[in-house]
Amino acid sequence: MNKLILILLLIVSVHYGMAQKKVDQCIACHKANGDKPAILFSKDLHFAQGISCADCHGGDASKEDMDESMNKNAGFIGVPSGDKISEVCSNCHSDQLDKMNNSAHGKLTVKGDQKILQCTTCHGIHNIVSVKNVASPVHANNVVQTCSRCHSDIAYMRQYNPALPTDQHEKYLTSIHGQLNKKKDANAATCANCHGSHDIRNALDVRSLVHPANLPKTCATCHSDTELMKPYQIPTDQYEKFAASVHGIALLKKGDAAAPSCNDCHGNHGAAPPGLESISKVCGTCHVINADLFAKSPHKKAFDDQKLPECETCHSNHAIIVGTDQLIGTTPEAVCSRCHTETKNQKGYWEAAQMRKILDSLIYEEEETIRLITEAEQKGMEVSEAKFKLRDIRQAKLETRTIIHAFNLVKFTEAANKGFAITSEVKSAGIKAIDEYYFRRWGLLAATLVITILAISLFIYIKRIERRNTAK
Amino acid sequence: MEKKYWKRLYNWFDERIQFEDIIQFAAKKYVPVHSHSIWYYFGGVTLFLFIIQVITGILLLLYYKGSEDLAFESIQYIMTEVEFGWLIRSVHSWSANLMVLAAFIHMFSVYFTKAYRKPREITWITGMLMLFLAMGFGFSGYLLPWNELAFFATKVGTDIAGVVPVIGKPLLEFLRGGEDVTGATLSRFFAFHVAIMPAIFTVLLGIHLILVQRQGMSEPLGYEIKPENEKKTMPFFPNFLLRDLLLWLIVLNIVALLAVLFPWELGVKADPFAPAPAGIKPEWYFMFMFQTLKYIPATVLFIDGEVLGVLLFGAAGLLWTLVPFWDRKTLRGEKNRFINYLGIFAIMYIILLTILGYLE
């Protein structure tokens, strides 16, 4: 019996629901009047889901009479404007509005009255379709144009952030991502893939997906995805290599915001791998002296002739490790020996061996000097000036390491000799301090001995006087 | 022949200075010998260390530059470039500390033997004033190398002086030469250290020594009442003076050992904009006061804890200095155990609080 009642109730409610849908008077009248919004809305995703005009505009969709259906007392609000638009959407999509309110867009307003954009700015109004639908303005094929409506408008952008470039779209079109996007490749990264959608933040905000510290992970969401990258036949280990590299450690572990992220070498909106010729220029934006020395070195022509990527040949690309002294020389781990052997390109082979020898000597001398100064300091000697000069040795060593990029033994030796000269000066100060320490010890011994003998003599003399006095 | 010339030279001076009077005076001067005679030597030791201070201080003055920009560097120069400069500076610092220690021992020995009683009240007061001055020498001299620790210790020290009611603020500004510890403070402390305080000290020392010579060594109460024939004595010249000399040689040896084996460190140059480093401590002889101020609650019966502490130490110092005037019992020749207990308490308190200060 109970089951029968339940089935009856279900039938009645379904019938009632259908009856309600059938009598959506808003669409019925406005469509009949040829109103564009009503015509568009009949194809809208929301309409298909049974959402009526009244759900956004208020009023009673079931009433035929206009005074009743569009009665303000029945909640009719008419055409919402300003922030009311997004508020209407947030009746169902509250999460997205929250995110938007906290985003860079949500913080900016037009004359303080309303936010610079509403949901409808990007998603459209009565013709909203799924993001997966190619007709959607936020579909991968269209989102770039949608964003650039504002971001490429110089006059508009000037009002809110004059420093922000407006050439992102143009650059994007030249990038690999942009070219693939042009070919309607839905996998190609668009604005939203890197910047996010509702919660877009300023790139300097640490919570932004494109903040330097977060960017490698953002890029890796696609570039570390082996399945996604398969059609493009590119490696997917860049992130692992970068994270373990000297740059990655500085950026991701030490939090050094000056360390390069993916975009510093590849560009951001115009992202593409740097060409053969431009590698040294890209690296040279930070490593200015090294790049300059290399450009004037004999290796420049040799590398160009053999089409070798300049810096990358010796230092690798994503996996750049800390430049150690082992890189130079003729030992198996030295990069020079890849091209220079005893029988092939011998001049470079012997010069590399010589450079390594000089560099090793300089390092040995530096260590020896530090040992001497530390010893003098531990002995309580005042060697702060010599200790300060240890910095000059470090600087000379750094210069010597840098000058390697000139691949010129004469220049290299000159730089190293500067280091040897300072080392010798500081070393002498250390030796002098240690000698002084022993001189003081011996001096003390002699002085103490003299004073003690004097004291003992005096003691004996006093005793003698006192004995004489007692005898008297 | 040679002897004749010496005699003539002696006579020439004697006619003008009358050595004979001094020799006669010294020949008749006797020092009491008893179980507490050892304490007589500490005045001499303090004097000897003061002489070392004067000599090494003058030598340091030849190279030291009392300005914010050059003070640290000049000490660095003294320690590295000037021949035996390291030794002079180290001896100056070590003997300064030993002098304060010897002065404290001397003061307590005089206190416990009640040698401050009539007629030696002025000797005691000048001695106490010299002890305070010695501490002032230490405080002002500590800043002169213009290193980090000294800079912040001076800041803390002068801050404490600033809490004295009524005169605190003017006193703080007088000491610092302004609101803050700056180069002006350094110049001022330099002037205190090498001119103002030595001038006052010399006058006090002169009075103190003249009185010691005029009144002779004080006899302890128990010794004083003995019959004259039972009193053991020792001639001041040459016996006592030679013993004094012997002790001076031993002290000199100690100073030399400390100066060479534990050279006084220079530290890092003061940077007024740097945050205060951890572990700022005053010199050891201020430690007990510094530590006490830490233990006093922020407010005690509506009185600021620090103010109370400073006032208490001020009052204690004043009472201590005026002991010859309120210790009536000793003056009457009676034993005053309270004085002894108070002295023992003071020593225990100073030692305990100093240890606690260094353990922290």
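Predicted model: local features only at pLDDT ≥ 70, side-chain atom pairs only at ≥ 80, totals over all residues.
Local features need pLDDT of at least 70, side-chain atom pairs count only at pLDDT 80 or more, and totals for chains, interfaces and linings use all residues. Residues are numbered from 1 along each chain as its sequence is written, with chains lettered from A and ligands numbered from 1 in the order in which they are written.

Chain A holds 27 helices and two strands (DSSP runs, H or I of at least four residues for helices and E of at least two for strands, numbered from the N terminus). Of its 472 residues, 25% are buried (20 or more other C-beta atoms within 10 Å of the residue's own, placed from the backbone). Among chain A contacts between residues at least 6 apart in sequence, 53% join residues at least 24 apart. Two residues are in contact if their C-beta atoms, placed from the backbone, lie within 7 Å.

The contact between the chains takes 18 residues from chain A and 19 residues from chain B. On the chain A side, α26 (384–403) and α27 (409–471) each supply at least two residues. Helix α27(A) gives the most, with 14 residues.

In chain B, helices α5 (residues 85–112) and α16 (residues 337–359) pack at about 160 degrees, their axes 10 Å apart. Axes are lines fitted to C-alpha atoms over the stretch in contact, and angles run from 0 to 180 degrees between N-to-C directions. The two helices, α5(B) and α16(B), are therefore roughly antiparallel (angles over 145 degrees). F108(B), Y111(B) and F112(B) in α5(B) meet N340(B), G343(B) and I347(B) in α16(B).

Note on methods
Parallel < 35°, antiparallel > 145°, perpendicular 65-115°, else oblique. Buried ≥ 20, exposed ≤ 12 C-beta atoms within 10 Å, placed from the backbone.
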